[in-house]
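Open the model in your viewer and keep the selection tool at hand. This tour goes stop by stop and says what to select next.

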Amino acid sequence: MAARGVGLLTRLPLHSQRRSRVQRSISRHLCCPGTVAANVGSEEQPLGGAETGSEDKIPKKRFSEVQEERREQAQRTVLIRCPNNVNEKKFLKYLSQHGPINNHFFYESFGLHAVVEFCQKDSVDSLQNGTHTPKQRTDPVIPFKSRFLNLKLKNSSNQIPQQSYAQTNKQLPPSSKKLFELLNYAENIDDQLNTLLKAFQLTEENVRLRHLTCSLIEDIAAAYFPGCVIWPFGSSVNTFGKLGCDLDMFLDLDEIGKLDVHKNAGDFLMEFQMKTVPSERIATQKILSVIGECIDNFGPSCVGVQKILNARCPLLRFSHQASGFQCDLTVNNSIALKSSELLYIYGSLDSRVRALVFSVRCWARAHSLTSSIPGTWITNFSLTVMVIFFLQRRSPPILPTLDSLKSLADAEDRCILNGHNCTFVRDLYKIKPSGNTETLELLLKEFFEYFGNFAFNKNSINIRQNPFETSLNISKNVSQSQLQKFVDLARDSAWILEQEDKSQPSLSSKQPWGLATLLLPPGAVSTPLSKKKKKPMNEKVKGLLASIKSSTTDSSKGTHGKRAISTQV
Ligand code: CTP
Ligand code: MG
């Protein structure tokens, strides 16, 4: 592609455009040395480099390290609802009486909120001790004391002119208009994919808010199950999260046992008296039901609690208004956390992986192939697995197979969950980087070609529920018409990218080009391939449906010597 006109916007990293000057200077001023937390306002590597769009050169932490550090960071953090006209400096000075502050930022969600991370956990206790139950209230309240607080102005001297209000950090992706502008300024298609990634990936602040929200819910669950942990999983932590994505979390009750291991030495073994129930599933349903009541009745800012207890994986769904997250809470879902870890590894190994996944996900969303409402649509999780599978099959491969990650594992990596072997190497440095140098432009085009022209009647694609529980089918929900739509759009998109190569728009052109063309609403681009050459796909589609729906097929028995996706991932 020809070089495009480069605007200032594309030269500045998006995250640096978003930061406020006030925040930067205050963060630097208040940063405490020796804490694990990264400085939100600095250009330093965020905690867990792979989480928020790091570059290849940044050291990559193990998934478990990142999760532990983030959790500890969240425990030193409070969420404060503030009046719009709060004076930032006075606010920080006021809070600093409880101890030094490591980081803070403001954002909007049903009003102005501040996330304030102290250097020490004691400071949170001190702040809570000095916090009152609501005064001058008109309605009765439930006196549940959490780390979600309300700041009141005592007198007008705290008020400041509007232009000096605290600057807020954005928690949502750019509008379509803004995205098209950004994409048009990019230099080439590779640059477009990277621009899209930067615009949509979770920011450092958004990641903090996600872990803080889990930590706040954990406090509620801990009232019943002291020592429990609520871990985020899915796209919030697997490096594929888009701003605005839901917050998947699971209540880990096994942590309770782990804490007490050292007390079991000697001749005796002490066990808790516990109620028995007919099945694990019933235990899960009972626990979720009670926690659901607590969240509904006591959880500040938690609204719309739904108990979805009859699902294959029972869950609670609710909105956490103060963070703006739609939350799904499950219990003892450790396999899902393990598959998040696997995806984290894949997302961290090569910078092209996330760029490609984000573009494919945005493309699917733009064409209504995915939806936030559950239904017969393909899911983001399936799309991610498809990209990983595609990248494993490049020559040379860009990503290693799950088998090869297993072969690199040592004794410490061994992991069996619910009878499933979930062993793979966890240290990113033990995995050799790929020698493949293909461009993102080529990979995107070939991805569409690959899945648009897949010989479904000969080869089997078994995109399973997850890579470990191989008897479950990830795409069970996908209807034949949705699959047909996916295939048609993939073929059209490959064709559009092919044309892009031949006709390069002039530098001054304001017309969408490259990736932007693929994201245009349906009907905005004429695609001769889809109209003239469309082959009857029904047989092929039927073949694919049969293969992805055959949840009983052994994943190692792909037809014609090809392996199924579930074994290769
Ligand atoms: N999951 C799974 N099988 C499915 C659906 C989900 O194993 N059929 C697990 C995956 O680990 C997935 C997580 O549950 O990452 C969360 O599911 P979901 O929220 O649907 O997907 P995300 O990966 O979080 O993507 P999104 O950004 O769309 O939320
Ligand atoms: Mg999710």
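**Start at the pocket**

Select helix 5 and look at the second largest pocket: helix 5 gives four residues to its lining, the largest share. Bear in mind that this is a predicted model. The pocket holds about 1,600 Å³ of space. Several other elements also give two or more residues to its lining: strand 1 (77-82), helix 6 (121-129), strand 4 (148-150) and helix 11 (280-298). Helix 5 itself runs over 88-96.

Now select Thr131, His132, Asn150, Leu151 and Lys152. Of the 38 lining residues, these lie nearest the centre of the second largest pocket. Next, colour the lining by class.

**Zoom out to the whole chain**

Show the cartoon. How many helices and strands does the chain have? There are 21 helices and 11 strands. The chain has 569 residues, and 52% of them are buried.

The accessible surface comes to about 26,900 Å². Carbon and sulfur atoms account for 52% of that surface. Then think about contacts. Among those with a separation of 6 or more, 74% join residues 24 or more positions apart.

**The magnesium ion**

Select ligand 2, the magnesium ion. Which residues are its protein donors? They are Asp246 and Asp248, each through OD, lying 2.1 Å from the ion.

Compare the cover on the two residues. Asp246 has 28% relative accessibility, so it counts as partly exposed. Asp248 has 13%, so it counts as buried.

Select Asn477. Its place is the loop between helix 16 (440-452) and helix 17 (480-502). Asn477 is partly exposed, with a relative accessible area of 27%.

Asn477 and Gly375 are 102 residues apart in sequence, yet their C-alpha atoms are 6.7 Å apart in space. Leaving aside residues up to four places away in sequence, Asn477 touches Gly375, Thr376, Trp377 and Thr379.

Go to helix 8 (residues 189-200) and pick Ile189. Is Ile189 buried or exposed? Ile189 is buried, because its relative accessibility is 0%.

Now draw a distance from Ile189 to Glu441. Along the chain they are 252 residues apart, while their C-alpha atoms are separated by 5.6 Å.

**Backbone stops**

Select Ser395 and Pro396. The peptide bond from Ser395 to Pro396 is cis, with omega near -5°. Pro396 sits in the loop between helix 14 (380-392) and helix 15 (402-407).

Move to Phe110, in the loop between strand 2 (101-108) and strand 3 (112-118). Phe110 is not a glycine, but its phi is positive, about 55°. Phe110 is exposed, with a relative accessible area of 57%.

Finish at Ser301, in the loop between helix 11 and strand 7 (302-308). Ser301 also has a positive phi, near 75°, in a residue other than glycine. With a relative accessible area of 18%, Ser301 is buried.

Technical notes:
Residues are numbered from 1 along each chain as its sequence is written. Chains are lettered from A and ligands numbered from 1 in the order in which they are written. This is a predicted model: local features need pLDDT of at least 70, side-chain atom pairs count only at pLDDT 80 or more; totals for chains, interfaces and linings use all residues. Side-chain values use heavy atoms; hydrogens and water are left out. Donors are N, O and S atoms within 2.8 Å of the metal (3.2 Å for Na, K and Ca); water is not among the atoms, so sites may look incomplete. Buried means under 20% relative accessible area, exposed over 50%, partly exposed in between (1.4 Å probe, protein chains only). Contact means heavy atoms within 4.5 Å. On a 1 Å grid over the protein atoms alone, a cavity is a set of points where a 1.4 Å probe fits but cannot get out, and a pocket is an open set with protein on both sides within 12 Å along at least five of seven lines; lining residues have an atom within 4 Å of a point. Grid points are joined across faces, edges and corners, and a volume is the space filled by probe spheres set on the points. Accessible areas come from the Shrake-Rupley method with a 1.4 Å probe; for residues, only the protein chains shown count as cover.
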